[in-house]
Amino acid sequence: MFKTYRNLKSLHSLYEQNFILINKLSGELNKHNKFSFQVGNLEIRSQVSISKKKLSKFTEELEFLINDVTDIKDIVIKCRTYNEAKMMEVIEFQNFHKDLLSSFKLKKINFKKDERLQWNLFMNQFLNYSILHGRAIENYLPSWVQ
């Protein structure tokens, strides 16, 4: 019982960290429902697009589209933000499945019960990387400064 509680507590802590990180990153997302930026070095750039869809007064769905620099397959991640609880969780990774709990019943897929934790850890690291190394696509400086 205590181990389950500790795991749930750490997962909720990760949700709260992701909520804080997306709010640091998405100043433009609050004004518009779409926001784009680039990550990577100057030679190999990957564009990240975030789109927001309001589901209710306190819940929004964010879709991250990360362009693959090798042009093999773009990464699509859907997240849900709970503004009242100040949490954000990954609900779908790479269009794989929508109901996370249903995958645990299927033994032939070889999922672990911590799949949700792994997806949210990836999102946490990606958001941290984006904050540190992300660049704007457009130049936001006024014309008289340039």
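Six strands form an open sheet in the order S5-S4-S3-S2-S1-S6, with antiparallel pairing. Here two strands count as paired if DSSP finds at least two bridges between them. The edge strands are S5 and S6 (135-136), and each of these pairs on one side only. In general, strands of a sheet pair through backbone hydrogen bonds, either parallel or antiparallel.

The structure is a predicted model, in which local features need pLDDT of at least 70 and side-chain atom pairs count only at pLDDT 80 or more, while totals for chains, interfaces and linings use all residues. Residues are numbered from 1 along each chain as its sequence is written, and side-chain values use heavy atoms, with hydrogens and water left out.

The protein contains 4 helices and 6 strands. Both kinds of element are DSSP runs numbered from the N terminus: helices are H or I runs of at least four residues, and strands are E runs of at least two. From the N terminus on, the order is α-α-β-β-β-β-β-α-α-β.

Strand S1 has two partners in the sheet. S1 and S2 pair in the antiparallel sense over 7 bridges. Gly40 has Arg45 in S2 as its bridge partner. Gln38 has Gln47 in S2 as its bridge partner. Gln38 also stands opposite Arg135 in S6. S1 and S6 pair in the antiparallel sense over 2 bridges. Of the 7 residues of S1, 5 are buried, so this strand is largely enclosed by the rest of the structure. Buried means under 20% relative accessible area, exposed means over 50%, and partly exposed lies in between (1.4 Å probe, protein chains only).

Of its 146 residues, 33% count as buried. The protein exposes about 10100 Å², and carbon and sulfur atoms supply 56% of this area. Accessible areas come from the Shrake-Rupley method with a 1.4 Å probe; for residues, only the protein chains shown count as cover.

The largest nonpolar core has 20 residues, of which Ile50, Phe64 and Met123 touch the most other members. Helix H1 (2-25), strands S1 (34-40), S2 (45-54), S3, S4 (75-82) and S5 (87-93), and helix H4 (115-133) each give two or more residues to this core. Such a core is a set of buried Ala, Val, Leu, Ile, Met, Phe, Trp, Tyr and Cys residues joined through side-chain atoms within 4.5 Å.

Glu60 lies in strand S3 (residues 59-66). Glu60 counts as buried because its relative accessibility is 15%. Its contacts (heavy atoms within 4.5 Å) include Lys52, Lys53, Lys54 and Arg80, not counting residues up to four places away in sequence.

Glu89 lies in strand S5. Glu89 has 11% relative accessibility, so this residue counts as buried. Beyond four places in sequence, Glu89 touches Tyr15, Lys78, Cys79, Arg80, Tyr82, Arg116 and Asn120. The side chains of Glu89 and Tyr82 make a polar contact (2.7 Å). A polar contact is a pair of N or O atoms within 3.5 Å; within protein, one must be able to donate a hydrogen and the other to accept it, and residues adjacent in sequence count only if both atoms are side-chain atoms.

Confidence was computed as pLDDT, the predictor's confidence in each residue, from 0 to 100. The mean pLDDT of the protein is 78, and 72% of its residues reach 70 or more. Over residues 97-107 the pLDDT is below 50, and this stretch has 16 contacts in the model beyond near neighbours in sequence. Where pLDDT is low, the predicted coordinates should not be read in detail.
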